[in-house]
Amino acid sequence: MTITITAFEKSPDRGQGLARDMRVRWALEEVGQPYEVRLVSFSALREPAHRAIHPFGQIPTYEEDDLALFESGAIVLHLAQRHAGLLPDDANARARAIAWMFAAVNTVEPPILDLQTTRILERDKPWYEQRLPLVQDRIRVRLSELSTRLGDARWLDGSFSAGDLMMVAVLLRLRPSGMLDEYPRLSAYVARAEERPAYKRAFDAQLAVFTNSLG
Ligand code: GTB
């Protein structure tokens with residue numbers, strides 16, 4: 001069984017690990033599965049060959065024998081269900097971990113994406129300066145709620161799970177904004193995750209794409 005994922009040939013984040021192949025790489029490292037990476041250009045994303053795997057022309061994708069998947073959350077869930085290490089054995093705990101995965105992409109990530117869209121695409125609009133704090137405050141509501149729920153626990157629900165992996169991957173997108181620093185418990189939570197050997201291997205692998213392309 002060979003696993004192949006796709007990632008940006010030239011990531012706009014210059015190797016900061018913010019693109020969504022990072023969460024898939026991290027999950028693969030957590031479950032100990034070797035993988036290959038097909039690097040794609042922005043123009044290749046639009047080609048029929050890539051669209052056949054990803055209907056929206058994005059990265060990451062995942063191919064394994066005759067299975068092709070898109071959507072980072074679905075890929076991480078597939079890996080977590082197929083291999084030990086990212087979901088608890090107890091059925092209820094497993095369901096809760098999956099709920100945290102959905103919370104990451106469906107509740108916490110949308111306002112964070114909104115901030116990035118605002119900053120990149122709406123900066124020249126006359127209402128930009130008024131809209132920005134509104135968007136930031138919507139993020140703060142979620143961060144505050146998440147921080148309260150996490151409390152002094154190491155992970156969201158018992159042992160580290162795919163729920164933590166997805167949540168941390170989402171929170172990391174906020175790092176350039178500095179907003180995470182307003183929430184010491186969340187900052188510590190993210191830092192704990194970054195200390196995981198699997199995270200470090202995944203981060204180094206995606207960074208190598210960028211540093212190698214410089215040479
Ligand atoms: N819901 C999908 C998933 O979770 O897999 C979203 C996939 C997605 O948005 N992919 C982006 C993409 O392919 C890359 S990750 N975009 C190209 C396009 O749509 O044409 C998003 C991303 C890009 C760049 C940075 N960055 O530079 O910091 C961070 C995140």
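## Pockets, cavities and a bent helix

Modeller: Let me start with the largest pocket in this predicted model: 37 residues line that pocket, and nearest its centre lie Leu 18, Arg 20, Leu 113, Gln 116 and Arg 173.

Colleague: Nice. What volume does the largest pocket have?

Modeller: The volume of the largest pocket comes to about 1100 Å³.

Colleague: And which helices supply at least two residues each to its lining?

Modeller: Helices α2 (42-45), α4 (72-82) and α5 (91-121) each do that. The one that gives the most is α5, with 11 residues in the lining of the largest pocket.

Colleague: How does the lining of that largest pocket split by class?

Modeller: There are 19 nonpolar residues in the lining of the largest pocket, along with 10 polar and 8 charged ones.

Colleague: Let's stay with α5 for a bit. How many residues does α5 have, and what is its reach from first C-alpha to last?

Modeller: Helix α5 has 31 residues and spans 43 Å between its first and last C-alpha, which is close to the 45 Å expected at 1.5 Å a residue.

Colleague: Where does α5 bend?

Modeller: The bend is at Glu 109 and comes to about 55°. A proline, Pro 110, follows within four residues of that point.

Colleague: Which residue caps the N-terminal end of α5?

Modeller: Asp 90 does the capping: one of its side-chain oxygens sits 3.2 Å from the backbone nitrogen of Asn 92.

Colleague: Changing topic to charges. How many salt bridges does the count come to?

Modeller: The count is 18 salt bridges. One of them pairs Arg 201 with Glu 29, where the closest N and O atoms are 2.8 Å apart.

Colleague: What does the pair of Arg 201 and Glu 29 tie together?

Modeller: Arg 201 belongs to helix α9 (residues 197-214) and Glu 29 to helix α1 (residues 21-30), so this pair links parts that are 172 residues apart in sequence.

Colleague: Which elements give two or more residues to the lining of the largest cavity?

Modeller: Those are β1 (3-8), α1 and α9. The largest share, 3 residues, comes from α9. By class, the lining of the largest cavity holds 6 nonpolar, 2 polar and 5 charged residues.

Colleague: And how much space lies in the second largest cavity?

Modeller: About 60 Å³ of space. Residues lining the second largest cavity include Gly 17, Leu 18, Met 22, Trp 26, Arg 173 and Tyr 199. At least two lining residues each come from α1 and α7 (162-172), and α1 has the largest share, with 3 residues.

Colleague: How does the lining of the second largest cavity divide by class?

Modeller: That lining has 7 nonpolar residues, 1 polar residue and 2 charged ones.

Colleague: Last topic, the backbone. Which residues does a cis peptide bond join?

Modeller: Ile 59 and Pro 60, with omega at about 0°. Pro 60 sits in the loop between α3 (48-51) and β3 (61-64).

Colleague: Which residue other than glycine has a positive phi?

Modeller: Arg 14 is one to look at, with phi near 55°. You'll find Arg 14 in the loop between β1 and α1.

How values were computed:
Residues are numbered from 1 along each chain as its sequence is written. This is a predicted model: local features need pLDDT of at least 70, side-chain atom pairs count only at pLDDT 80 or more; totals for chains, interfaces and linings use all residues. Side-chain values use heavy atoms; hydrogens and water are left out. On a 1 Å grid over the protein atoms alone, a cavity is a set of points where a 1.4 Å probe fits but cannot get out, and a pocket is an open set with protein on both sides within 12 Å along at least five of seven lines; lining residues have an atom within 4 Å of a point. Grid points are joined across faces, edges and corners, and a volume is the space filled by probe spheres set on the points. Ala, Val, Leu, Ile, Met, Phe, Trp, Tyr, Cys and Pro count as nonpolar, Asp, Glu, Lys and Arg as charged, and the others, Gly among them, as polar. The expected span of a helix is 1.5 Å times one less than its number of residues. The bend at a residue is the angle between axes fitted to the seven residues ending there and the seven starting there. A polar contact is a pair of N or O atoms within 3.5 Å; within protein, one must be able to donate a hydrogen and the other to accept it, and residues adjacent in sequence count only if both atoms are side-chain atoms. A salt bridge is a side-chain nitrogen of Lys or Arg within 4 Å of a carboxyl oxygen of Asp or Glu.
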